[in-house]
Amino acid sequence: MSNSINYHSTLEGFLVWYARRFPIRRGKLRVINSFWRAAVGDQDTLRLADLVHGGLKMRCDVSEMLQRQFYFFGTYFVAEDHLRCWATAAKGARVVFDVGANAGIYSLAALAIQPDATVHAFEPTPEIAVRLRETAKLNGLDRLYVHEVAVSSENGFATLKRCRGELGTNEGMNFIAPDLGDSGAERVQTVCLDQFCQHHAIDHVDLMKLDIQGHEHSALEGAE
């Protein structure tokens with residue numbers, strides 16, 4: 001935790017220290033979720049997170065569950081073990097696909113460990129894709145390409161279904177469904193990875209992550 005950061009309250013600074021430095025992991029997320037509001041206050045919930053991944057930055061709204069973890073823990077706390085494995089696998093990778101990128105923590109972790117890799121992040125939710133582009137710009141990541149599309153078995157369109165989980169607190173659970181031509185539906189473009197690779201002259205993908213809410217099989221059908 002940098003001493004140059006001016007936290008909005010002493011409690012906020014303590015929670016960041018606790019989340020990142022306290023050695024006992026059990027119960028940490030529960031503590032952060034219980035006390036973040038008292039620490040942050042009732043006004044501005046926007047913060048700039050210092051990520052543990054290569055010192056990269058990310059603008060966060062701590063009222064959102066995932067972004068709150070990025071701010072206090074500097075990473076996606078509940079997936080720390082996965083991210084460590086991912087970072088190890090990213091060493092030496094030239095081409096990385098982050099399918100279902102959300103805020104892009106996997107893309108950032110890959111570039112933190114392998115800065116000369118080319119990372120293609122696929123995220124169909126418009127505002128989330130916009131935030132990821134802003135994160136790339138903030139950190140000068142000109143090898144991170146954000147594609148505002150859903151990955152499926154073929155190029156076309158699908159309906160974006162917005163979902164925030166059972167408790168309504170998880171902004172990263174949107175998924176796609178068949179496009180039935182409903183005029184009120186939110187349509188997004190879909191892409192087949194085989195055709196995407198052909199179009200971008202990619203002959204080999206070194207590392208790929210898939211997290212697209214049960215649509216993984218369809219994505220793999222288009223990724224022979």
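A residue is counted as buried when its relative accessible area is under 20%. In this predicted model, Leu 56 has a relative accessibility of 11% and therefore counts as buried. Leu 56 is placed in the loop between S1 and strand S2 (57-61). Apart from neighbours within four places in sequence, the contacts of Leu 56 are Ala 49, Asp 50, Leu 51, Leu 108, Asn 139 and Leu 141. Leu 111 is 55 residues from Leu 56 in sequence, and the two C-alpha atoms are 9.7 Å apart in space.

Nine salt bridges are found in the structure. One of them joins Arg 47 to Glu 12, with 2.9 Å between the closest N and O atoms.

Asp 98 and Lys 209 are both buried.

Glu 148 and Arg 133 also meet through their side chains in a salt bridge, at 3.4 Å from N to O. Glu 148 is found in the loop between strand S5 (144-147) and strand S6 (150-152), and Arg 133 in helix H6 (residues 126-138), so the pair ties together parts that are 15 residues apart in sequence. Glu 148 is partly exposed, with a relative accessibility of 32%, and Arg 133 is partly exposed at 35%.

An open sheet is formed by four strands in the order S6-S9-S7-S8, with mixed pairing. S6 and strand S8 (175-178) each have a single partner strand and stand at the edges, so one side of each is left without a neighbour in the sheet. On average, and with direction ignored, neighbouring strands of this sheet are turned by 50 degrees against each other. The pairing of S6 with strand S9 (residues 187-192) is parallel and runs over three bridges. Val 191 in S9 is the bridge partner of Val 151.

The count of aromatic pairs comes to 10. In the pair of Phe 14 and Trp 17, the ring centres are 5.9 Å apart and the planes are at 25 degrees, so this pair is stacked. Both residues lie in helix H1, three residues apart, or about one turn of the helix. Phe 14 is partly exposed at 44% relative accessibility, and Trp 17 is partly exposed at 34%. Phe 14 forms another stacked pair with Tyr 18, at 6.4 Å centre to centre and with 20 degrees between the planes. Phe 14 and Tyr 18 are four residues apart in helix H1, which means a separation of about one helical turn. Tyr 18 is buried, with a relative accessible area of 10%. Together with Phe 22, the residues Phe 14, Trp 17 and Tyr 18 make up one aromatic cluster.

Charged side chains also lie over aromatic rings. The charged end of Lys 28 sits over the ring of Tyr 18, at 5.9 Å from its centre. Arg 25 lies over the face of Phe 77, 4.0 Å from the ring centre.

Note on methods:
Residues numbered from 1 in each chain as written. Predicted model: local features only at pLDDT ≥ 70, side-chain atom pairs only at ≥ 80, totals over all residues. Heavy atoms only, no water. Salt bridge = Lys/Arg side-chain N within 4 Å of Asp/Glu carboxyl O. Buried < 20%, exposed > 50% of the residue type's maximum accessible area, 1.4 Å probe, protein only. Helix = DSSP H or I, 4+ residues; strand = E, 2+ residues; numbered from the N terminus. Contact = heavy atoms within 4.5 Å. Pairing = 2+ DSSP bridges. Axes fitted to C-alpha atoms, helices over the stretch in contact; angles between N-to-C directions. Phe/Tyr/Trp six-rings, centres within 6.5 Å; stacked < 30°, edge-to-face > 60°. Lys NZ or Arg CZ within 6 Å of the ring centre and 35° of its normal.
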